[in-house]
Structures are given as structure tokens and as C-alpha cells.
Amino acid sequence: MATEIRICQFFDLTTNNGRRHRYQNYFIAETRTYGGQSFSFAPFQADGALASLNGDNQQLRVLFPNLEVVVRLAEDGEGNRLSVLALTTAWLTGSGQIANTFTDYFIGTGAGFNEDTVELRFRSSMDSVGAGFPGRTFTSDNVGILPLNAELYLR
Amino acid sequence: MSRTFPSLKPSRRSFKLGTFPTRTYRSLAGTTVKRSFGNRPFGYELRLSFANITDAVLTEILDHYTDTSGGFTRFTLPSAIFAGMDATSRAYVQSPGGIRWEYTGPPQVESVYRGISTVSIDLAGEMNV
């Protein structure tokens with residue numbers, strides 16, 4: 001018995017200057033539309049913990065080849081600091097149509113370069129739900145300035 | 001951009017179609033899950049031989065190998081390389097899905113007679129981003 005799965009990831013990055021960068025990694029040399037937006041092809045891979053029960057402080061790494069457009073993307077966002085990534089994992093049918101999707105949100109924490117890859121590093125955004133549902137939400141009314149990620153220090 | 005491969009008709013030609021980017025995960029119970037990572041094949045292979053060519057033709061091939069930095073720069077192949085194939089068959093191998101060719105190794109040259117050689121080259125067809 002064999003099960004065949006086809007997974008496409010949609011990478012929607014908003015750098016801290018407000019620019020959007022949208023790529024997908026399955027349909028080679030094609031532009032695909034998802035959520036009303038166009039995603040061009042880029043050969044990236046995402047690894048790391050994508051979800052957990054607590055949902056906070058998950059680390060994600062997105063690897064790109066060291067292409068000019070990717071270097072520009074990282075530099076455009078000042079080294080991927082405080083960018084916002086919406087990473088959608090889409091299950092595809094045999095004909096390439098999207099069957100199911102899951103979207104996770106991350107905050108950029110930096111980038112790394114070497115001679116052949118560019119690594120964008122992320123942590124999960126502050127969207128933890130935990131055991132209680134609906135989860136309590138930090139607002140600027142009850143905590144003041146809101147944190148941008150889950151790195152909290154209680155003093 | 002490098003120049004196209006010289007328009008020569010090979011005396012021997014063999015090719016292998018590309019494979020699709022998939023991975024198979026097998027459980028201890030023997031069941032398998034296959035995951036597809038892309039919608040187009042990659043890694044085409046083409047082997048060409050040019051028998052009993054003159055030194056002038058040999059120089060064209062060697063020049064092309066040097067011009068493409070010996071496998072670093074990809075290039076296209078002219079239709080003459082696929083002489084004898086009809087257009088439908090040629091579409092499967094000449095440039096399917098926009099692939100470009102590169103040398104997988106240096107040309108192998110066998111000297112046959114004064115000024116006459118036989119050359120074999122191995123090419124790989126890969127997709128550009």
C-alpha cells in the first residue's frame with residue numbers, strides 16, 4: 001500500500017519596510033495564485049518545528065540558494081530582522097490543485113550567509129493558545145508595549 | 001551566456017529521461033509513503049559520440065567545453081544533435097521543460113588516425129531557477 005502526498009509551501013514575507021516577497025517551492029518556473037496573490041517559484045526549503053501545543057518560541061529556518069534575488073530580499077529587510085512570515089503548507093491533489101492548507105506565522109530573527117545558501121531564521125509569533133481556549137491575548141492595554149515575539153522576561 | 005553547442009550530427013546518441021523529485025518513506029510494516037517535491041523532472045542524461053571527426057571539428061567541441069567552463073555554464077543543444085528523431089520525440093529530450101545542458105565531465109578523445117579522432121561527451125540536463 002502506498003500513499004502519495006504532494007506538498008507545496010507558500011512563503012509570504014513582509015519585511016520591516018513593508019515590502020512583500022511571495023514564493024512557492026513546488027511548481028517549477030511557474031507563478032501560482034494562492035489567496036488572491038501571485039507566488040513565483042523559488043527553490044527554498046523550510047525546516048524546524050512548525051507547530052507545538054504551546055506554539056511559542058518555535059524556531060524555523062528557511063534555506064534559499066545564494067541567488068541575487070534572495071540576498072536582496074534579506075538585505076531589504078535589514079537582515080530579516082522583525083520581518084513577518086506567513087508560511088502556508090498546502091496539500092495538493094494529483095492535478096496540482098490545493099486540497100488543504102495550514103498557515104503558521106513567524107517573526108524574523110536574522111539571516112545567515114555562506115557561499116551557496118542564504119538562511120533566514122524565524123521564531124513563532126505571539127499566537128500561543130495553550131490549554132485554555134480561547135486563549136488570553138496580550139494587548140497594549142494590559143501589558144503596555146507589545147512584544148514582537150515570544151521571548152518574554154518576567155522580572 | 002555561452003554559445004550553443006556546435007551543430008554536429010553525432011554518430012552515436014543515447015539518453016535517459018529525467019526523474020521526478022520524490023522521496024519514499026518505508027515503515028517497518030512495509031507500507032510506503034511517497035512525497036513529491038516538485039512537478040517537473042530533472043537530471044536528464046545524454047551521451048554523444050562523434051566518430052572519425054577532423055581536428056577542426058574536434059577543436060569546435062573542445063572550444064565549446066572551455067567556453068562553458070567545463071560544466072559550469074549551461075547551454076542549449078541544436079536540432080542537429082537529434083537528427084533522425086521526429087519533432088515529438090525530440091521534444092522529450094532536446095529542451096523539455098526549459099532544461100539546459102551541462103558537461104558532466106571533460107570530453108573523451110580517442111585518436112584514430114593522423115588528424116582524425118573520435119570524441120565522446122556526457123551531458124546532464126538540469127532546470128534553471
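## Salt bridge across the interface

In this predicted model, chain A and chain B share 1 salt bridge. The partners are A:Glu30 and B:Arg40. Their closest N and O atoms lie 3.6 Å apart. That pair qualifies because the cut-off for a salt bridge is 4 Å.

The side of chain A that touches chain B has 10 nonpolar residues. Another 2 residues there are polar, and 3 are charged.

## Extent of the interface

How many residues of each chain are in contact? Chain A contributes 15 residues, and chain B contributes 12. Together the two chains bury about 1,300 Å². Carbon and sulfur atoms account for 57% of that area.

Polar contacts also cross the interface of chain A and chain B. There are 9 residue pairs of this kind, with both residues at pLDDT 80 or more.

## Largest pocket

The largest pocket holds about 830 Å³ of space. Its lining has 27 residues. Which of them are closest to the centre? From chain A they are A:Asn25, A:Phe41, A:Pro43 and A:Phe44, and from chain B, B:Phe37.

Two elements of chain A give two or more residues to this lining: strand S1 (2-14) and strand S5 (45-48). By class, the lining of the largest pocket splits into 17 nonpolar, 6 polar and 4 charged residues.

## Salt bridges in the whole structure

Over all chains, the search finds 11 salt bridges. One of them pairs A:Asp12 with A:Arg22. The closest N and O atoms of this pair are 3.5 Å apart.

Which parts of the chain does the pair link? A:Asp12 sits in strand S1 of chain A. A:Arg22 belongs to strand S2 (residues 20-24) of chain A.

Notes. Residues are numbered from 1 along each chain as its sequence is written. Chains are lettered from A and ligands numbered from 1 in the order in which they are written. This is a predicted model: local features need pLDDT of at least 70, side-chain atom pairs count only at pLDDT 80 or more; totals for chains, interfaces and linings use all residues. Side-chain values use heavy atoms; hydrogens and water are left out. Contact means heavy atoms within 4.5 Å. Buried area is the accessible area (1.4 Å probe) that two parts lose on being put together, summed over both. A salt bridge is a side-chain nitrogen of Lys or Arg within 4 Å of a carboxyl oxygen of Asp or Glu. A polar contact is a pair of N or O atoms within 3.5 Å; within protein, one must be able to donate a hydrogen and the other to accept it, and residues adjacent in sequence count only if both atoms are side-chain atoms. Ala, Val, Leu, Ile, Met, Phe, Trp, Tyr, Cys and Pro count as nonpolar, Asp, Glu, Lys and Arg as charged, and the others, Gly among them, as polar. On a 1 Å grid over the protein atoms alone, a cavity is a set of points where a 1.4 Å probe fits but cannot get out, and a pocket is an open set with protein on both sides within 12 Å along at least five of seven lines; lining residues have an atom within 4 Å of a point. Grid points are joined across faces, edges and corners, and a volume is the space filled by probe spheres set on the points. Helices (H or I, at least four residues) and strands (E, at least two) are DSSP runs, numbered from the N terminus.
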